[in-house]
Amino acid sequence: MTEIAERATALPARAAARRAPTPIVPAQNVAGTALIVVIAIMTFLSCLTLGAVTLVRDSSSAWQTEISREATIQIKPGDDLDMDASLVAAQGLAAGFAGVRSASIVDEDATARLLEPWLGTGLDLDELPVPRLVIVTIDPNSPPDFATMRTLLAEQVPGAALDDHRTWADRLVAMARTTVAIGLAILGLMLAATVLTVVFATRGAMDGNGHIIEVLHFVGAEARFIAREFRRHFLLTGLKGATIGGVAAIIVFVGFSIWSSANLATPEGDQAAALFGNFAIGFTGYAGVALVAATVTILTGATTHVTVAAYLSELDGRQHD
Amino acid sequence: MIQFENVGLRYGMGTEVLRDVSFQVPPRSFQFLTGPSGAGKTTLLRLLFMSLKPTRGLISVFGKDRARISPRELPLMRRRIGVVFQDFRLLDHLTTYENVALPLRVRGRDEASYRQDVIELLKWVGLGERMHVLPPVLSGGEKQRAAIARALIEQPDVLLADEPTGNVDPPLARRLLRLFMELNRLGTAVIIATHDLTLMDQVDARRMVLTGGRLDIYD
């Protein structure tokens, strides 16, 4: 009330300078501010969920690609087996297949390093029956015929076995699909909660404006004029809230991305990168944030329109139709 | 201009609030609508303003059957009827000038086209010095005059006033009544809903008395 009185005393001077007309729907009140905060929080949470789903989907896709890019030929030592000759034979056989980019033998030093965590340093491979490996790098777009390669290896290289990581890849694909499905379900719930919260918060904020609708109705304003005035006001409110929430989510994404880049060579960074890649949500993620913000804004405007229409219908005494 | 024939109205499944109400509001006429509290005065005013539809009977407004007026036509018809409420119904965030100009603003008219008319009307109702003040700092009488000015700005054919003197002292009530009579002389039909006998005794006008939902007319 004090604020209104202060405005009133200041008005004559301002009027002399011919000010723009006061908006019919008051620019801001407590309910309006609360609505902006609610919309901002729900948009922020929805965008975070969307970002997390995008991250998991991209990471799982990256894991699958990494694994399907390689296959391994394992040669088990035998009594009369010439290991070096078998390795060269396996390498030559694999390299001859279409769809194989390269085949390289894991030498004794590299094999020793691989076993170091379990068997310690100073390992002499000649004293132990340690299998040896040939790493086959594959063109993921046109992979070689693994069945033929497996058959030929069994026939021509004694003790050789081909592991194309199919079992592991299949499990990973299943796990990734489950993770993404759970993420999408959570996103769906989050968006449903956002829709309901925005609808009820908008209706709550509209309740305080019933007297304005009533006065406009009594001075002969057309329904579309009243709806337009309120829709414009609440679209702006929705846009403010959604922008704040969306920008806050983008700041979080960018913050994580910067943190992961700054910690590239550290154990924490490597661990995070192994799980989530480089923490970038990419174009899809940012487009998703924009889509969520736009949806929330439109939803606020649509709810306002429906609420005004229902209020006017009540005022017009349509119950007697 | 407005005609009611055997009009009845009930809310939901309740008893009838108005029963067999029949009357006419001729052009340029002046009448009081009176009766005890709860007799149905406000309901009758709402029917006159087309905010309610009757449960039975016929209402004709400006020659049109109320039942055949479409929702799109309603606002256009309402612009020919001015309404003054007991509780003023001014918008607190708009100045007196903006409140009075509101009916013209909602029609999309340019402010320059009506500014002078609004200022003149505000001066006529004695609010020339208060036009840029917000309603919360106006007195009860000033608010009522602002509400009357808002109802008159479009020069309506009919003015409906619901207890217009209910919140003001007797001298101001007399002043407001003179305002309504002056308006009536200029050609507007006036219907004042009141239970203020002193006010009615000051004018020799038709009295429509509502009792238990039934209407008696004393010319």
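This is a predicted model: local features need pLDDT of at least 70, side-chain atom pairs count only at pLDDT 80 or more; totals for chains, interfaces and linings use all residues.

Modeller: Two strands are taken to pair if DSSP finds at least two bridges between them.

If we consider the contacts in chain B with a separation of 6 or more, residues 24 or more positions apart account for 70% of them.

Chain B also holds an open sheet of six strands, in which the order is S6-S7-S8-S3-S9-S10 and the pairing is mixed. Strand S6 (81-84) and strand S10 (214-218) of chain B are at its edges with a single partner strand each, and therefore one side of each has no neighbour in the sheet. Direction ignored, neighbouring strands of this sheet are turned against each other by 15° on average. One parallel pair in it can be followed bridge by bridge: strand S7 (residues 158-162) and strand S8 (residues 189-193) of chain B are paired over five bridges, and B:Val158 stands opposite B:Ala189 in S8(B). Helix H5 (residues 140-152) of chain B packs on this sheet, where it touches S6 and S7 of chain B, and its direction makes about 170° with that of S6(B). Helix H6 (residues 170-185) of chain B packs on the sheet as well, touching strand S3 (30-34), S7 and S8 of chain B, with a direction that makes about 155° with that of S8(B).

Turning to chain A, we find ten helices and four strands, which follow one another from the N terminus as α-α-β-α-β-α-β-α-β-α-α-α-α-α. Here 28% of the 321 residues count as buried, and residues 24 or more positions apart account for 86% of the contacts with a separation of 6 or more.

The strand pairing of chain A is best followed from strand S3 (residues 132-138), which is largely enclosed by the rest of the structure because five of its seven residues are buried. Strand S1 (residues 70-75) of chain A pairs with S3(A) in the antiparallel sense over six bridges, and in this pairing A:Ala71 stands opposite A:Val136. Strand S2 (residues 100-105) of chain A also runs antiparallel to S3(A), to which five bridges join it, and A:Ile105 has A:Val134 in S3(A) as its bridge partner.

The helices of chain A complete the setting. Helix H6 (residues 166-207) and helix H10 (residues 282-315) of chain A pack at an angle of about 45°, their axes being 9 Å apart, and the two helices are therefore oblique to each other. The crossing in which H6(A) passes H10(A) is right-handed. Among the residues that make the contact are A:Val195, A:Val198 and A:Val199 of H6(A), together with A:Val296, A:Leu299 and A:Thr300 of H10(A).

H10 of chain A also contains A:Gly288, which is buried because 22 other C-beta atoms lie within 10 Å, where 20 or more are required. Apart from its neighbours within four places in sequence, A:Gly288 is in contact with A:Leu50 and A:Thr54. A:Leu50 is 238 residues away along the chain, yet the C-alpha atoms of A:Gly288 and A:Leu50 are separated by 7.0 Å.

Notes. Residues are numbered from 1 along each chain as its sequence is written. Chains are lettered from A and ligands numbered from 1 in the order in which they are written. A residue is buried if 20 or more other C-beta atoms lie within 10 Å of its own, exposed if 12 or fewer, and partly exposed in between; C-beta atoms are placed from the backbone. Two residues are in contact if their C-beta atoms, placed from the backbone, lie within 7 Å. Axes are lines fitted to C-alpha atoms, for helices over the stretch in contact, and angles run from 0 to 180 degrees between N-to-C directions. Angles under 35 degrees count as roughly parallel, over 145 as roughly antiparallel, 65 to 115 as roughly perpendicular and the rest as oblique. A crossing is left-handed if the near helix is turned anticlockwise from the far one by less than a right angle, and right-handed if clockwise.
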